[in-house]
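Subject: A structure for you to look at

Hi,

Here is the structure I promised to pass on. Have a look at it first, and then read my notes below.

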Amino acid sequence: MRNEREAVRPCFHEIRFHGRGGQGVVSAAALLALAAFEDGYESQAFPKFGSERRGAPVEAYVRISRKAIRSHNQIYTPDAVVIQDAGLLRSEPLLRGLKSGGLVILNSERRADGGNDEDRNLRWLYIPASRIGERCLGQPLPNTALLGALVAASGWVKLATLEQVVASHLAGKGEEVVKANINAVREGHRFALQEEEVDS
Amino acid sequence: MRKLLEGSHAVAEAVRLCRPQVVAAYPITPQTHIIERLAQQVADGELAAEFISAESEFGAASLVLGAVAAGAQAFTATASQGLLLMTEVLYNIAGMRLPVVMVCANRALGAPINIFCDHQDSMALRDAGWIQIYVESNQEAVDSLIQAYRLAETCELPVMICMDGFLLTHTFEPVTLPTQSAVDEYLPAFRFSRTLDPARPMTLGGGSEADNYQEYRVAQQEAMENAETVIEAFDAEFSEQFGRSYGGLLQGYRLDGAQTVLLGLGSLMGTVRDVVDTLRDEGEAVGALRLRCFRPFPAQSLVQSLSTAQRIIVLEKAFSVGAGGMVAAEVRAALQQAGIMTPVESVIGGLGGRDLTADVIQAIFQGTTTEPFRVGRFAPDPVEEGGVGHG
């Protein structure tokens, strides 16, 4: 059933974010959906665990589509998974349902952190997003760097639009925070492009 | 302007556009973002209202009761046990025929404690004398909220907008917010005919004995019956001014020639419409009917919409323990009253946030659901590839 629907709905992307409460998982999903909306798509973002507790596993979902989105269901067969804390790979089935050829963006310095899932031909991208966060924001917040990487690897939204959305979303927190996050987005983006080059 | 907004914030914007003078609330997940945003708007001077952080939901409901009785337009929002804690006051608001508007961010009831969506909370208040509108999307929440103030004033009945907790309140989706001038044009200045005024002393909700108590209840019933026409007329009028309609009492989807019709409430109906499209593509004569207005219960319109169906399924996110699905029971009664004996299948699902996925709804349509219980059956669990389903 799902495959047939895919044929009727070209340009339909589902993204699942995993992380821990306090890492900006829900914000990352919202920013991606906002950028897609600004790019002219229909989009939707929502968290699975609304009672966010610092440190507890949190999921958030994004749908991007050319057509109006009617479903409010969770995402079971994503096209991409963004993992903000590699440690979660040990305790949660983060790759469940990920489509064959799907994209995994992992916040990690080390390839050893990744899993083996060769049968599905997954595309792994390792982004040292906590380090980028530490450098740009002064704290190891990985979300905006990972968003930059996702945009580089998927092309689903424009980098300029993401930057613009980050700027308006964080405007209330002051110019410095905006600037720092845009730097993180750009670093994540640049890093992903380099990684892809190494792989190809 | 069309924007991507979190449902709670979209609703708060809609409330602001309606210019309430008093907002009283107590925070409870998943309603909190609505009142947080309203508090912010008041603090920033964007909303000229008295914002009162109540000491409990009982207090919040009492505050809006008093505010409206004194002639102020008011708003409150709650969910789950917060709604239950308001119960006594909500009956009083309805009995005094006060035009109060509230949002219920639908959430399960304890015990065990659960913060996620189902409809047990507002369904438990179905007999309180409030109009209940269940919305499918955040756009509908915004538009229904704006209509609710006119509806409440016109019918002198309180209105509860029921929006699915998390599924709508915490979801960012595109919403068109009407302009202030359009809302001002649509909503006349607040007016309540029996406003308490020291210059004209009067009592609201005073003592009543056996000689006239029943008449008050009959008057409420009559007002509810009249509200059906008003809701339909307002939907049509709103559609003319704003270009969006939700069918008033009921919203049908691909009912033409539908042999099997699934009836349900709230945001799950978006997925149901996706499934109807899939099954129609496969040649199955299926359709969907969304019960938008549960109180007043639109028995006549319902019978009209269901008269040619050969199989009727009612899928609901609540049930009366010891009896079964309340919506299914009322649908059966309405049909039987009209001499239609089509069996009504009752399916209960989505309790405590359990996801009613497209696959689950397809299984319900195809009659392959499991677990029969006394007066219905439970929806099957969603199947998730490579991992656990609901946690």
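Domain 1 and domain 2 of chain B bury about 2200 Å² between them, 53% of it on carbon and sulfur atoms. Buried area here is the accessible area (1.4 Å probe) that two parts lose on being put together, summed over both. In domain 1 of chain B, the residues that lose the most area to domain 2 of chain B are B:Met123, B:Arg126 and B:Glu136, together 29% of what that side buries. Domain 1 covers 2-195 + 210-242 and domain 2 covers 250-378; such bounds come from an automatic or database domain assignment.

Before you go further, please keep in mind that this is a predicted model: local features need pLDDT of at least 70, side-chain atom pairs count only at pLDDT 80 or more, and totals for chains, interfaces and linings use all residues. Residues are numbered from 1 along each chain as its sequence is written, chains are lettered from A and ligands numbered from 1 in the order in which they are written, and side-chain values use heavy atoms, with hydrogens and water left out.

How many salt bridges are there between domain 1 of chain B and domain 2 of chain B? The count is 4, a salt bridge being a side-chain nitrogen of Lys or Arg within 4 Å of a carboxyl oxygen of Asp or Glu. B:Glu136 also forms a salt bridge with B:Arg273, with the closest N and O atoms 2.5 Å apart.

Now for the inside. The largest nonpolar core has 109 residues, and B:Phe75, B:Leu90, B:Leu98, B:Leu145 and B:Val331 have the most contacts inside it. A nonpolar core is a set of buried Ala, Val, Leu, Ile, Met, Phe, Trp, Tyr and Cys residues joined through side-chain atoms within 4.5 Å, and buried means under 20% relative accessible area (1.4 Å probe, protein chains only). This core draws at least three residues from each of domain 1 and domain 2 of chain B.

Finally, the cysteines. The structure holds 0 disulfides over all chains, a disulfide being a pair of cysteine sulfur atoms within 2.5 Å. B:Cys162 is buried, with a relative accessible area of 1%.

Enjoy exploring!

Conventions. Buried < 20%, exposed > 50% of the residue type's maximum accessible area, 1.4 Å probe, protein only.
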